[in-house]
Amino acid sequence: MISELGQERADALRRVAELGGLLADLEALHEPDGDGECPACAAPAPCLTTLLLRGDISSEQAFGALRDAEVIDLARAERDCPPVPSLSELLAQPTRGMDRFFDALLGLPPRADRAS
Ligand SMILES: [Zn+2]
């Protein structure tokens with residue numbers, strides 16, 4: 001039993017070292033550049049990720065800050081995107097690629113009317 005405890009302690013210490021390395025890597029990714037911005041988040045340093053990694057803020061606070069900073073204008077996003085075709089328009093489109101695929105699958109020669 002005591003030897004098991006020793007093994008578990010060694011495993012736990014190895015895991016702590018792994019997590020410490022991961023944390024250091026993540027903090028290095030979010031190290032501010034010369035302009036005082038986080039290069040990964042493109043936000044003024046310290047970024048939310050850094051504050052989360054250090055335990056300075058909770059995940060709820062980070063989500064709240066994101067909600068306040070990023071307003072998604074759904075009306076504008078809908079205006080700017082191309083109209084979505086109806087299902088009947090989509091189904092009316094010729095499926096030359098699929099026809100060629102099944103022709104090739106069945107070993108049929110390519111058809112002239114579908115060659116494009
Ligand atoms: Zn960052």
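Author: Let us begin with domains, whose bounds come from an automatic or database domain assignment. Here the protein chain is divided into domain 1 (2–76) and domain 2 (82–110). This is a predicted model, in which local features need pLDDT of at least 70, side-chain atom pairs count only at pLDDT 80 or more, and totals for chains, interfaces and linings use all residues. Residues are numbered from 1 along each chain as its sequence is written.

Reader: How far apart do the C-alpha centres of domain 1 and domain 2 lie?

Author: The two centres are separated by 47 Å.

Reader: Which radius of gyration does the protein chain have?

Author: The radius is taken over C-alpha atoms, and the globule rule is 2.2 Å times the number of residues to the power 0.38. For a compact globule of 116 residues the radius would be near 13 Å, whereas the protein chain has 28 Å. Its C-alpha atoms fill a box of roughly 75 × 50 × 30 Å along the principal axes.

Reader: Is A28 buried or exposed?

Author: A residue is buried if 20 or more other C-beta atoms lie within 10 Å of its own, exposed if 12 or fewer, and partly exposed in between, with C-beta atoms placed from the backbone. A28 is exposed because 9 other C-beta atoms lie within 10 Å. Of the 116 residues in the protein chain, 3% are buried.

Reader: Where is A28 found?

Author: Helices (H or I, at least four residues) are DSSP runs, numbered from the N terminus. A28 belongs to helix α1 (residues 2–29).

Definitions and conventions
Helices (H or I, at least four residues) and strands (E, at least two) are DSSP runs, numbered from the N terminus.
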